[in-house]
Amino acid sequence: MKKIVLTLILGFIFVLAACGSDETDSSKASGSKLDELKESGKVTIGFANEKPYAYEEDGELKGAAVDIAKAVFKELGIKKVDSKLADFGQLIPGLKAGQFDVITAGMAINPDRCENAAFGEPEMKYGEGLIVKKGNPLNLKSYKDIADNPDVTVSVMSGATENVFLKSEGVSEKQITNAEDIPATFSAVESGRADATTGTEMTIKMALESANSNKLEFVEGFEQPDVEGVPSYGAAAFHLDNTDLRDAYNEKLAKLKADGTVAELLEANGFSEANNIVEDDVTTEKVCNGDI
């Protein structure tokens with residue numbers, strides 16, 4: 001009889017323990033990403049080395065997109081930022097795999113990307129730029145100029161929206177080669193493996209200044225492509241399951257836009273209020289839906 005009673009008591013305790021465990025797991029599962037980050041006091045940001053949006057210098061993460069993200073997370077009570085460098089084309093896959101809490105690299109919002117990431121509201125806008133060999137021997141002034149000459153090749157960073165823009169303007173896929181980052185595209189042009197490279201205007205212009213190359217030239221008077229996505233609107237992006245974090249981020253971002261902080265951070269990184277501030281009527285929803 002004692003053995004039976006003892007067995008029943010132990011079984012009852014086991015059931016209670018199991019229920020308690022389930023309740024704890026359920027509580028953890030129902031906790032939001034924002035709560036998780038606040039509890040840890042830190043956020044992990046994925047970025048690509050693309051100056052002036054996000055880049056690493058002397059072991060420190062810098063850039064306009066980074067500065068804005070840091071300011072927003074500080075408003076959310078999260079002051080510590082852990083950064084992880086990745087190739088631009090690996091930012092969204094890394095976000096989906098849980099390697100980052102947020103990615104920020106001035107990444108352009110577009111309908112395709114909106115299916116794979118939850119973008120915050122736009123933080124900046126920008127156009128395109130073109131870099132060619134010194135003297136611009138092929139007189140390239142637009143993507144259409146590249147399309148009109150099938151012998152011209154262009155090196156583009158893997159995963160960048162310029163791959164789509166070029167094709168939209170008639171450039172053949174055979175004319176496009178991909179590289180892992182901006183310096184690699186410069187190297188392709190300098191070595192003669194490509195005739196030109198393209199990217200967002202501020203990115204390649206500042207990268208060229210840093211490279212201090214006497215073999216390359218930024219094309220002044222570049223004709224902006226008449227394609228969907230130009231101008232581009234850059235924003236931070238979150239996992240599709242973490243819309244609570246995205247919404248909280250947007251709320252604080254709106255505050256920093258209204259008090260002029262975002263404009264100050266953009267200008268401090270070489271952008272201009274006249275050319276790079278997002279209009280009030282431009283929203284992520286409109287860009288994702290293709291309305292802008």
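User: What should I know about the model before I start?

Analyst: The model is predicted, so local features need pLDDT of at least 70 and side-chain atom pairs count only at pLDDT 80 or more, while totals for chains, interfaces and linings use all residues. Residues are numbered from 1 along each chain as its sequence is written, and side-chain values use heavy atoms, with hydrogens and water left out.

User: How do I read a sheet, and what is the strand order in the open sheet of 5 strands?

Analyst: Strands of a sheet pair through backbone hydrogen bonds, either parallel or antiparallel. Helices (H or I, at least four residues) and strands (E, at least two) are DSSP runs numbered from the N terminus, and two strands pair if DSSP finds at least two bridges between them. Here the order is E10-E9-E11-E8-E12, with mixed pairing. Strands E10 (176-179) and E12 (216-218) are the edges, each pairing on one side only. On average, neighbouring strands of this sheet are turned by 30° against each other, direction ignored; axes are lines fitted to C-alpha atoms, for helices over the stretch in contact, and angles run from 0 to 180 degrees between N-to-C directions.

User: Which helices pack on this sheet?

Analyst: Contact means heavy atoms within 4.5 Å. Helix H8 (residues 182-190) touches E8 (128-133), E9, E10, E11 and E12, and its direction makes about 170° with that of E9. Helix H9 (residues 201-211) touches E8, E11 and E12, at about 120° to the direction of E11.

User: Which strands does E8 pair with, and in what sense?

Analyst: E8 runs antiparallel to E11, joined by 5 bridges, and Leu-130 stands opposite Thr-198 in E11. E8 is also antiparallel to E12, through 3 bridges, where Val-132 has Glu-217 as its bridge partner. Because 5 of the 6 residues of E8 are buried, this strand is largely enclosed by the rest of the structure. Buried means under 20% relative accessible area, exposed over 50%, and partly exposed in between (1.4 Å probe, protein chains only). For a parallel case, take E9 (residues 154-157) and E11 (residues 196-200), which pair over 2 bridges; Ser-155 has Thr-197 as its bridge partner in E11.

User: Is E1 mostly covered or uncovered, and which strands does E1 pair with?

Analyst: Strand E1 (residues 42-47) is mostly covered, with 5 of its 6 residues buried. E1 runs parallel to E4 (residues 80-85), joined by 6 bridges, and Phe-47 stands opposite Leu-85 in E4. E1 also pairs in the parallel sense with E5 (residues 102-103) over 2 bridges, where Ile-45 stands opposite Val-102.

User: How many residues are in the largest nonpolar core?

Analyst: In soluble globular proteins, nonpolar side chains tend to be buried together. A nonpolar core is a set of buried Ala, Val, Leu, Ile, Met, Phe, Trp, Tyr and Cys residues joined through side-chain atoms within 4.5 Å. The largest one has 84 residues, and Phe-73, Leu-91, Met-124, Ile-146 and Tyr-249 have the most contacts inside it. Helix H3 (residues 64-75) gives the largest share, 7 residues. Leaving aside neighbours within four places in sequence, the contacts of Phe-73 include Val-43, Val-102 and Tyr-249.

User: Which cysteines form a disulfide?

Analyst: A disulfide is a covalent bond between the sulfur atoms of two cysteines; here the criterion is a pair of cysteine sulfur atoms within 2.5 Å. A search of the whole structure finds 1: Cys-114 and Cys-288, with sulfur atoms 1.9 Å apart. The link is left-handed, with -70° about the S-S bond. Cys-114 lies in helix H5 (residues 111-114) and Cys-288 in helix H13 (residues 284-288), so the pair ties together parts that are 174 residues apart in sequence. Cys-114 is buried, at 16% relative accessible area.
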